[in-house]
Amino acid sequence: MKLEIKNQSLFIEKAYINGQWVDADDSSTLDVLNPVNQEIIGRVPNCGATETNVAINAAAEAQKKWQKSHAKEKASILRDFYNLICSNQDDLARILTYEQGKPLAEAIGEIAYSASFIEWFSEETKRIYGDVIPGHMHDRRTIVIKQPVGVVAAITPWNFPSAMLARKVGPALAAGCSLVCKPAKQTPFSALAFAYLAEEAGLPKGLLNVLTGNAQTIGKALTDSTLVRKLTFTGSTEIGKMLLKECAKTVKRVSMELGGHAPFIVFEDADIEAAIAGAIAAKYRNTGQTCVCANRIYVHQDIYEQFSEGFVKEARKLQTSQGFDPLADQGPLIDEAALAKVEEHVADAKNHGGQVVLGGQPHELGGLFYEPTVIKNANDEMLVSYEETFGPVAPLFSFSTEEEVIERANNTPFGLASYFYTSDLAKSWRVSEQLEYGIVGLNTGIISTEMAPFGGVKESGMGREGSKYGIDDYLEIKYISLAGIEE
Ligand code: NAP
């Protein structure tokens with residue numbers, strides 16, 4: 001299929017290994033489908049262990065030189081890469097919408113977000129500072145230096161196919177590492193276009209490899225390899241746990257950005273209009289398919305009816321359509337399994353006494369489209385209260401006290417994003433400190449920026465992406481004990 005993009009070179013049906021665009025050794029391919037109509041957009045190589053090992057060896061070789069390049073050289077290439085992403089923003093966004101389905105405006109926003117990580121880390125590469133520690137003996141000083149971890153394996157999901165990769169590629173390259181990346185099977189083209197632009201920016205061959213194909217065999221080759229010193233993964237908690245186990249065999253460094261189950265709390269003293277706007281943004285972005293989506297909206301009982309009415313009014317305005325429709329606020333779900341999960345969650349909520357006050361069924365557009373849905377009288381027995389829905393379903397729970405809602409908000413194995421709205425300063429501090437989450441959105445439903453340390457606690461993962469902290473995940477600390485200074 002020919003995509004409607006200006007720069008056709010960005011649409012590549014090959015894997016990228018050691019600076020070469022290649023097919024799988026056995027020439028087998030995987031189809032990539034448009035979630036709007038299930039048509040084949042294109043095909044990518046079905047790589048396996050052999051291709052993975054070639055990529056790992058290339059990455060190891062290239063990394064040796066890259067770690068010796070000075071900070072300004074790295075910064076300059078990353079800056080060029082950033083500029084190229086910006087100048088190709090529209091095409092990259094279109095590729096993203098073709099394969100992922102999100103509205104084009106959201107895709108354009110995602111590309112800007114991706115670029116921001118490359119820009120940020122192009123700057124951070126100059127700030128990998130060490131320390132000098134006072135001597136513990138007369139003739140001693142201790143010098144601390146930071147060095148790249150080495151070859152990094154990066155496995156990314158389909159919901160933000162560009163941004164989730166950029167959050168890893170930026171800090172890894174800035175730290176002096178090389179990467180072997182495996183994007184999700186549904187959305188490989190965004191990653192391949194990304195690699196093309198890195199090559200255009202002058203990134204030396206072997207530093208960034210993108211393998212498409214079988215997740216199990218590629219994953220196993222990556223985790224088994226002793227050359228791969230770190231795995232950074234964004235995806236489900238289930239696969240993350242399995243990869244953690246596999247990485248234990250060779251004691252790899254790991255960063256895990258896993259599932260979430262965000263509480264969104266609206267206190268009785270909140271600005272209700274602002275809370276509604278924040279909840280709509282946090283719930284329905286990317287058709288509810290984000291790890292930081294509001295999964296449980298807790299509203300104080302005194303304002304429950306007022307909030308519900310306003311929330312339904314705003315959710316009703318959301319337009320569901322294919323992503324290239326300029327009016328689209330919501331696209332299709334990613335695949336049949338995602339649709340089945342949403343249907344299961346809504347049916348279960350109804351069985352547990354939930355009142356569907358908006359949507360609650362597949363959209364009349366058919367296929368993978370589902371109506372924006374609101375469920376009142378949600379309770380803690382429902383699947384939606386403890387499992388990620390990953391769809392456009394907003395369950396509204398009622399609560400009566402601060403203590404109660406914090407306990408319910410924390411009663412989950414997840415700990416990625418949380419949100420709350422209040423106008424009380426003391427409560428702002430109290431609740432922020434008590435929420436067991438890596439991220440707290442206080443009076444905001446939008447929390448992502450390259451300038452903040454994104455990441456979770458508990459079963460939502462470990463490590464941080466973005467900000468000055470983000471580069472630490474790709475650096476090892478070494479100290480040099482220097483003796484014989486004093487006679
Ligand atoms: P997933 O099923 O865990 O897949 C994520 C990636 O892992 C894909 O590239 C997938 O490849 C790969 N994978 C699957 N099985 C594997 C195996 N045995 N070995 C190695 N790799 C394997 O997750 P998803 O459904 O794509 O993504 C949604 C999940 O990601 C949600 O839980 C969401 O909350 C989470 N997420 C978290 C963050 C965060 O920052 N915390 C951000 C975005 C998403 P294939 O596609 O080829 O199977």
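Helix axes here are lines fitted to C-alpha atoms over the stretch in contact, and angles run from 0 to 180 degrees between N-to-C directions. With that in hand, start with helix α2 (residues 71–87) and helix α4 (residues 104–124): they pack at an angle of about 165°, with their axes 8 Å apart. Keep in mind that this is a predicted model.

- An angle over 145 degrees counts as roughly antiparallel, so α2 and α4 are roughly antiparallel to each other.
- When α2 passes α4, the crossing is left-handed.
- On the α2 side, the contact is made by Ala75, Leu78, Arg79, Phe81, Tyr82, Ile85 and Cys86. Facing them from α4 are Ile111, Ala115, Ile118, Glu119, Phe121, Ser122 and Glu123.
- A second pair to look at is helix α1 (residues 49–66) with helix α7 (residues 215–224), which pack at an angle of about 40° with their axes 8 Å apart.
- That angle makes α1 and α7 oblique to each other, and their crossing is right-handed.
- Ala49, Thr52, Asn53 and Ile56 are what α1 brings to this contact, while α7 brings Thr217, Ile218, Ala221 and Leu222.

**The seven-stranded sheet**

- Seven strands make up an open sheet with mixed pairing, and their order is β14-β15-β16-β13-β12-β17-β18.
- At the edges you'll find β14 (355–358) and β18 (439–442), each of which pairs on one side only.
- From one strand to the next, the twist averages 25°.
- Zoom in on strand β12 (residues 262–266) and strand β13 (residues 294–300): they pair in the parallel sense over five bridges.
- Phenylalanine 264 has isoleucine 297 of β13 as its bridge partner.
- Helix α9 (residues 272–284) lies across β12, β13, β15 (373–376), β16 (393–399) and β17 (417–421), and runs at about 170° to β12.
- Helix α13 (residues 425–434) packs on the sheet too, touching β17 and β18, and its direction makes about 160° with that of β17.

**The three-stranded sheet**

- Another open sheet has three strands in the order β5-β6-β20, with antiparallel pairing.
- β5 (131–133) and β20 each have a single partner strand, so one side of each is left without a neighbour in the sheet.
- Ignoring direction, neighbouring strands of this sheet are turned by 25° against each other on average.
- Strand β6 (residues 141–148) and β20 run antiparallel and are joined by eight bridges.

**Two buried residues in touch with each other**

- Phenylalanine 117 lies in helix α4 and is buried, with a relative accessible area of 0%.
- Setting aside residues up to four places away in sequence, phenylalanine 117 touches Ala166, Arg167, Gly170, Thr449, Glu450, Glu465 and Gly466.
- Tyrosine 419 sits 302 residues from phenylalanine 117 along the chain, and their C-alpha atoms are separated by 24 Å.
- Glutamate 465 is in the loop between β19 (461–462) and β20 (475–482).
- Buried means under 20% relative accessible area, so glutamate 465 counts as buried at 3%.
- The side chain of glutamate 465 makes a polar contact with the side chain of lysine 168, at 2.8 Å.
- Beyond its neighbours within four places in sequence, glutamate 465 is in contact with residues including Phe117, Arg167, Thr232, Thr234, Glu257 and Tyr474.

**Two loop residues with positive phi**

- Most residues other than glycine have a negative phi.
- Serine 27 isn't a glycine, yet has a positive phi of about 65°. You'll find serine 27 in the loop between β2 (20–22) and β3 (29–33).
- Threonine 287, also a residue other than glycine, has a positive phi near 55°. Threonine 287 lies in the loop between α9 and β13.
- Are these residues buried or exposed? Serine 27 is exposed, with a relative accessible area of 55%, whereas threonine 287 is buried, with a relative accessible area of 1%.

Definitions and conventions
Residues numbered from 1 in each chain as written. Predicted model: local features only at pLDDT ≥ 70, side-chain atom pairs only at ≥ 80, totals over all residues. Heavy atoms only, no water. Helix = DSSP H or I, 4+ residues; strand = E, 2+ residues; numbered from the N terminus. Buried < 20%, exposed > 50% of the residue type's maximum accessible area, 1.4 Å probe, protein only. Polar contact = N/O pair within 3.5 Å; in protein donor to acceptor, adjacent residues only side chain to side chain. Contact = heavy atoms within 4.5 Å. Pairing = 2+ DSSP bridges. Parallel < 35°, antiparallel > 145°, perpendicular 65-115°, else oblique. Left-handed = near helix turned anticlockwise from the far one by under 90°.
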